Amino acid sequence: MKEVTVTARTATRPATRGATRGVLYVHSAPSALCPHVEWAVGGVLGVAVSLDWTPQPAQAGTYRAELSWSGDVGSAASVASALRGWNHLRFEITEEPTASSEGARYSFTPELGVFHAVTGLHGDIMIPEDRLKAAVVKSALGDTTVLNEIDKLLGKPWDDELETFRHAGDGAPVRWLHQVV
């Protein structure tokens, strides 16, 4: 692995499967986990990663960080796989679409696990028709309501849980993952 120091702003690796970029938002991580997050992300991106950690006011004793990255298509999935399942870690990672691939959004909370959505050119979540049909069938069987299933398909439970953590503290800039139009 080539040793390159990066800032909390960018991590760039020459792409081999098509280039894309995205943003990793670590919403909360205990201090003991912070270096492990950097190591795991660096392992996926192929460069040394050093994040600027700031206190997370939404949960005492935890820290938050952001990383803009560029690399191979599929890097967001690889980072999400490397970080999923770590207790006490909350994160989101996005990957922009390219001419040959859709974009992606991954969210993780210890309580809910991983949420994945395919995103289009403008960041909208694209839901495949078979998943919508399955939601309608579940509703027709009385297992749930169509509204509850659509909320899950859009990642609303993850958004609800992460919203408090998305806000920065003490005058730090707030970066939103998405904007409702």
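Trainee: In which helix does Ile-150 lie, and why is Ile-150 called partly exposed?
Mentor: Ile-150 lies in helix α4, where helices (H or I, at least four residues) and strands (E, at least two) are DSSP runs numbered from the N terminus. Its relative accessible area is 30%, and because buried means under 20%, exposed over 50% and partly exposed in between (1.4 Å probe, protein chains only), Ile-150 is partly exposed.

Trainee: What kind of model do these values come from?
Mentor: This is a predicted model, in which local features need pLDDT of at least 70 and side-chain atom pairs count only at pLDDT 80 or more, whereas totals for chains, interfaces and linings use all residues. Residues are numbered from 1 along each chain as its sequence is written, and side-chain values use heavy atoms, with hydrogens and water left out.

Trainee: Why do Lys-133 and Glu-129 sit about one helical turn apart, and what makes their contact a salt bridge?
Mentor: Lys-133 and Glu-129 are 4 residues apart in helix α3, so about one helical turn separates them. Their closest N and O atoms are 3.2 Å apart, and a salt bridge is a side-chain nitrogen of Lys or Arg within 4 Å of a carboxyl oxygen of Asp or Glu, so the pair qualifies. With a relative accessible area of 51% Lys-133 is exposed, and at 56% Glu-129 is exposed as well.

Trainee: How far apart are the closest N and O atoms of Lys-156 and Asp-160, and why does Asp-160 count as partly exposed or exposed?
Mentor: The closest N and O atoms of that salt bridge are 2.8 Å apart, and the two residues, 4 apart in helix α5, are separated by about one helical turn. Asp-160 has 48% relative accessibility and therefore counts as partly exposed, as does Lys-156 at 37%.

Trainee: Are Arg-105 and Glu-92, by contrast, buried or exposed?
Mentor: Both are buried, and their side chains meet in a salt bridge with 3.5 Å from N to O. The pair links distant parts of the chain, Arg-105 being in strand β6 and Glu-92 in strand β5, 13 residues apart. Arg-105 and Glu-92 also belong to a network of salt bridges with Asp-159, Glu-163 and Arg-166.

Trainee: What makes Phe-91 and Phe-108 an aromatic pair, and is that pair stacked or tilted?
Mentor: Their ring centres are 5.5 Å apart and their planes 20 degrees apart. Rings of Phe, Tyr and Trp (its six-membered ring) pair if their centres lie within 6.5 Å, and planes under 30 degrees apart count as stacked, over 60 as edge-to-face and the rest as tilted, so Phe-91 and Phe-108 are a stacked pair. Phe-91 is in strand β5 (residues 90–95) and Phe-108 in strand β6 (residues 103–109), 17 residues apart. At relative accessible areas of 1% for Phe-91 and 5% for Phe-108, both residues are buried.

Trainee: What are the distance and angle for Phe-115 and Trp-158, and why does that pair tie together separate parts of the sequence?
Mentor: The centres are 5.2 Å apart with 35 degrees between the planes, which gives a tilted pair. Phe-115 lies in strand β7 (residues 113–119) and Trp-158 in helix α5 (residues 156–166), so the pair ties together parts that are 43 residues apart in sequence. Phe-115 and Trp-158 are both buried.

Trainee: How many bridges join β6 to β7, and what makes two strands a pair?
Mentor: The strands run antiparallel and are joined by 7 bridges; because strands pair if DSSP finds at least two bridges between them, β6 and β7 are paired. Phe-115 of β7 is the bridge partner of Ser-107, and β6 and β7 form a hairpin with 3 residues between them.
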